[in-house]
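Please read the following note beside the sequence and the three-dimensional view. It takes up ring contacts, charges and the surface in turn.

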Amino acid sequence: MLQTMPLFCECGWLLNAKLATSHCEGDSMTNNPARRRSRASHVRPLVFWPTFLLLIAALALSIIDLQGALAVAGGVNHWILAHFSWLFSLTGVGMLLLCVWLYFSPIGQLRIGGAGAVPLLSRPRWFAVTLCTTLAVGVLFWTTAEPIYHLHSPAASWAAAPNSPAAASMAMSAMFLHWTFVPYAIYTVPAVVFALVFYNLRLPFSTGSMLKPLLGERMQGRTGQIVDAIALFALVAGMASSLGTGALAIVGGLNQLMDFPTSPSSIGLVIAAIVATFILSASSGLKKGIARLSAINAYALFFIAFFLLCCGPTTFILGFGVEALGQFLSQFFRMAMMTGAAYKDEWVGSWTIFYWAVWFAWAPISAMFLGKIARGYTVRDMVLVNLVLPSLFSIVWIGIFSGTALSIDMTQQGLLKQMLDTQGVESILYTIFRQLPLSAVMIVVLLLVAFLNYVTAADSNTDAISNLCTDGFTADGVEQRNMWQKITWGLLIGVVSWIMTSFAGGVAGVKMMSNLGGLPALLIILGSAGSLIVLARSGALLAPPVLTPAIGQKNVREYP
């Protein structure tokens, strides 16, 4: 890598000229609607088919021998976490530091798509779509259940007694760690890199494009498609497991309101409704479907957070939240870089490192969507909207929801821990809201929000999946809909999730296989960070603009 950088420094002007030439040639092709539709109708076989067949194989293996599949996948996953925990922790913190550098560096002033590029979305809509893409259904159920686990089974390195004030404080700090700055930094860096290479350097819609400045032309052929397939499998398997978990949570909530027992048919109805909605949303396009649903969902999230703040233990939420946030910030680097090696602490691997693996597994493809919707804004804007604002939202959300859960459990003799042990994760949120005014109404609202939360995350990722599997998808066709691909992947994810949840003992098998993608995805993210450094050193992004049509406008100046 150190030998590569000087070469880019000497040849940056040549890279600019070549890209500018290919840009002009590309415009002549992509401005032809028939040619663009023809190219966009083809599937990238090395991306589509391996992922499709691997998902079917994972499903079949889980049906035939679930315990055997879990044992093998669990063993590999444990080996990865045991041997590479240091790399997950170091890379996560490194991504955050790189985001800080991006914000204050000259690259922060670059506009995605060129100096005159027109934004795809308004700033409020952009933030809503970004927030909903990265949150999914976990923000509802795990931000109330996870702190209860930490309260009663704290990390050995915390030296805190179970169910003590010290354990409660550290539980909140762990929530801030797992759900705020580091996860969003893991998404932000590859999102920025992809936005720059896709729009400004006019490279294909591929994870390989994020690696091309570092690794060269080899990432544009079969190697690049194989990298795409690995990242795609991790995301699709993760979506299937998340859909199954979300469907079970919604069925559990419906069962508290009416006679709606958990069964294959009830799970199938919920999954069918979710899949139909997110396919329709994704197929309606970014501005009509995805953006509108995300805006509705964002307003709903703010509403239930405000309701719980006002009707819950308000004084405790505010006081304890500020105190725990201070503790988290003062011990951030120690907590973020813990590996459990000194204390032989399995908690770190089971929670923090496991979370990093999950975030990394989802990041490459999700980041491509986040980069795609950033057209027309600066890199500094991207850091603000993809990292700073979502992290602040999560801090407030965790302060309210996790704070309420800890308060109820500590003041009511471990009520939530009992519910967690007997009825599962999804029961915690419903138990909390049953103790508040208008509980029946609010549980209905919670169900609607849980439904929207999954839909607004799935429609964004389905959009990215269809773009990734489509040959000839370029920066000039970012609003193409690729409907049949979205329908195909949506139905496949739904069927796999339903069969796993209803007939194969749960989504654990697919989820474990998704998490195995954490290490390869980490290497992709590291490579994208290397590409960013190479581009910064070469001057390819900071060179004087050339006269080419900017995206969304004609006859204006654009950075190559």
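The points below describe selected side-chain contacts and their surroundings.

1. Basis of the note. The model is predicted, so to speak of local features a pLDDT of at least 70 is needed, side-chain atom pairs count only at pLDDT 80 or more, and totals for chains, interfaces and linings use all residues. Residues are numbered from 1 along each chain as its sequence is written, and side-chain values use heavy atoms, with hydrogens and water left out.

2. Aromatic pairs. Rings of Phe, Tyr and Trp (its six-membered ring) are paired if their centres lie within 6.5 Å; planes under 30 degrees apart are called stacked, those over 60 edge-to-face, and the rest tilted. The count by this rule is 34 aromatic pairs. Among them is F198 with F205: the planes stand at 85 degrees and the centres 5.4 Å apart, so this pair is edge-to-face. A residue is buried under 20% relative accessible area, exposed over 50%, and partly exposed in between (1.4 Å probe, protein chains only). F198 is buried at 0% relative accessibility, and F205 is buried at 3%.

3. A pair between helices. F302 and F393 also form an edge-to-face pair, with 5.4 Å from centre to centre and 85 degrees between the planes. Helices here are DSSP runs (H or I, at least four residues), numbered from the N terminus. Because F302 belongs to helix 12 (residues 286-311) and F393 to helix 16 (residues 379-411), the pair ties together parts 91 residues apart in sequence. F302 is partly exposed at 43% relative accessibility, whereas F393 is buried at 8%.

4. A ring cluster and a charge over a ring. Ring pairs join W142, Y149, W179, Y187, W351, Y355 and W359 into a cluster. Elsewhere, the charged end of R380 sits over the ring of Y103, at 5.4 Å from its centre; the rule asks for NZ of Lys or CZ of Arg within 6 Å of the ring centre and within 35 degrees of the ring normal.

5. Salt bridges. Side chains of opposite charge can pair when their charged atoms come close. The criterion is a side-chain nitrogen of Lys or Arg within 4 Å of a carboxyl oxygen of Asp or Glu. Six salt bridges are found in the whole structure. In one of them, R44 pairs with D228, with the closest N and O atoms 2.9 Å apart. This pair links distant parts of the chain, 184 residues apart: R44 is in the loop between helix 2 (33-40) and helix 3 (45-64), and D228 is in helix 10 (residues 222-257). Both R44 and D228 are buried.

6. A further bridge. Which residue forms a salt bridge with D381? The partner is R123, and the closest N and O atoms are 3.4 Å apart. Since D381 lies in helix 16 and R123 in helix 5 (residues 123-135), the pair ties together parts 258 residues apart in sequence. D381 is buried, at 13% relative accessible area, while R123 is partly exposed at 44%.

7. Nonpolar surface. W86, L90, L97, F333 and M337 form a nonpolar patch on the surface, together having about 520 Å² of accessible area. Helix 4 (residues 66-104) gives the most to this patch, with three residues. M337 lies in the loop between helix 14 (332-336) and helix 15 (346-372).

Terms used. Helix = DSSP H or I, 4+ residues; strand = E, 2+ residues; numbered from the N terminus. Patch = residues over 30% accessible without salt bridge, like charges linked within 9 Å, V, L, I, M, F, W, Y side chains within 5 Å. Areas by Shrake-Rupley, 256 points an atom, 1.4 Å probe, with all protein chains shown as cover.
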